[in-house]
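Dear colleague,

Please find the structure below, together with its sequence. My notes on what was found in it follow directly after.

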Amino acid sequence: MLFKLVLALLLVFCAEAQDTRQILLTLRSVGNSEKGAQGPPGRPGRRGPPGLKGSSGPVGVLGPKGEKGECTTNSAFVNNAIQEMENRFSRLKNQMETLFQTGVKQINGRSWFSAGNGYLYLTLPASNYQAANRSCAAIGARLAVAAPRNMNITRMIRNQFGITSQYTWIGLNDIEQENTWVWENGERLLSSDANWSSGEPTNWNGQVVEDCVMLYHSGKWNDASCDHMHIPLCEVSVFDT
């Protein structure tokens, strides 16, 4: 009895499998013969990474040689530049020759004295300190600041100009602040450079203000009233002439 039941089930299963196979074949046949229209394209995908750089191509053929250009140099400009260089060289040569020489040198119609210290010197008519400053500046110089620091140079200059009885203004004062002595080039007086006469500097009788410095005959310094009349000792570097 059990055997018959199993056999019956197998027969039913095989029949259903055969029907299923037939259904699949039918659907496949229909799909091939009645294909639908193509759908719209999908969204584009992300851009891929760049590819590797290709190898360089061959070098191209050398092009033809261009025509020779015209020379546009301004001969007048070149000549002027050469002349200017020659003038500068000549001035530098004269300056170097004067740098360590002593003696009189004519510049723009004036007789300057070279003391061999790199500076030239000239004296002007007596005036007060402020006027002496302006007079020296008017000829491209200043009241002396280098010579007064060297007594030998000072004596040489005074002898050259025959200054034997008159006092001479130099470029040193304490006008801005009492007892703070400043040279006309803006430098403060160093104690090692000071060459004061005995007992100086001091205001006369403690009453008369003495803010400007002049040279005694000996080359020593003395502070005096800036209103006094003394000979300006003008000084200019040989490289400024």
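In these notes, a residue is called buried under 20% relative accessible area, exposed over 50%, and partly exposed in between (1.4 Å probe, protein chains only). Helices (H or I, at least four residues) and strands (E, at least two) are DSSP runs, numbered from the N terminus.

This is a predicted model, in which local features need pLDDT of at least 70 and side-chain atom pairs count only at pLDDT 80 or more, while totals for chains, interfaces and linings use all residues. Residues are numbered from 1 along each chain as its sequence is written, and side-chain values use heavy atoms, with hydrogens and water left out.

Helix α4

Helix α4 spans residues 151-160, and its buried residues are Ile153, Thr154, Ile157 and Arg158. Viewed down the axis of α4, these residues fall within an arc of 130 degrees (taken from the directions from the helix axis to the C-beta atoms), so they line one face of the helix. An α-helix has 3.6 residues a turn, so residues three or four places apart point the same way. Asn152 and Asn159, on the other side of α4, are exposed. The buried residues of α4 pack against β2 (110-115), β3, β5, β7 (212-215) and β9, where contact means heavy atoms within 4.5 Å. At the N-terminal end, α4 is capped by Asn150, a side-chain oxygen of which lies 2.9 Å from the backbone nitrogen of Asn152. After α4 comes Gly162, with a positive phi near 65 degrees.

Strand β9

All seven residues of β9 (residues 231-237) are buried. Ile231, Leu233, Glu235 and Ser237 lie on one side, and Pro232, Cys234 and Val236 on the other. Strands are said to pair if DSSP finds at least two bridges between them. Strand β3 (residues 119-123) runs antiparallel to β9 and is joined to it by five bridges, with Tyr121 partnered by Glu235. Strand β4 (residues 142-143) is also antiparallel to β9, over two bridges; here Arg142 has Glu235 as its partner. Strand β5 (residues 168-173) pairs with β9 in the parallel sense over two bridges, and Trp169 stands opposite Pro232.

Backbone features in loops

Most residues other than glycine have a negative phi, and most peptide bonds are trans. A cis peptide bond joins Glu200 and Pro201, with omega about 0 degrees; Pro201 is in the loop between β6 (182-183) and β7. Asn108, in the loop between β1 (102-107) and β2, has a positive phi near 55 degrees.

With kind regards

How values were computed: Polar contact = N/O pair within 3.5 Å; in protein donor to acceptor, adjacent residues only side chain to side chain.
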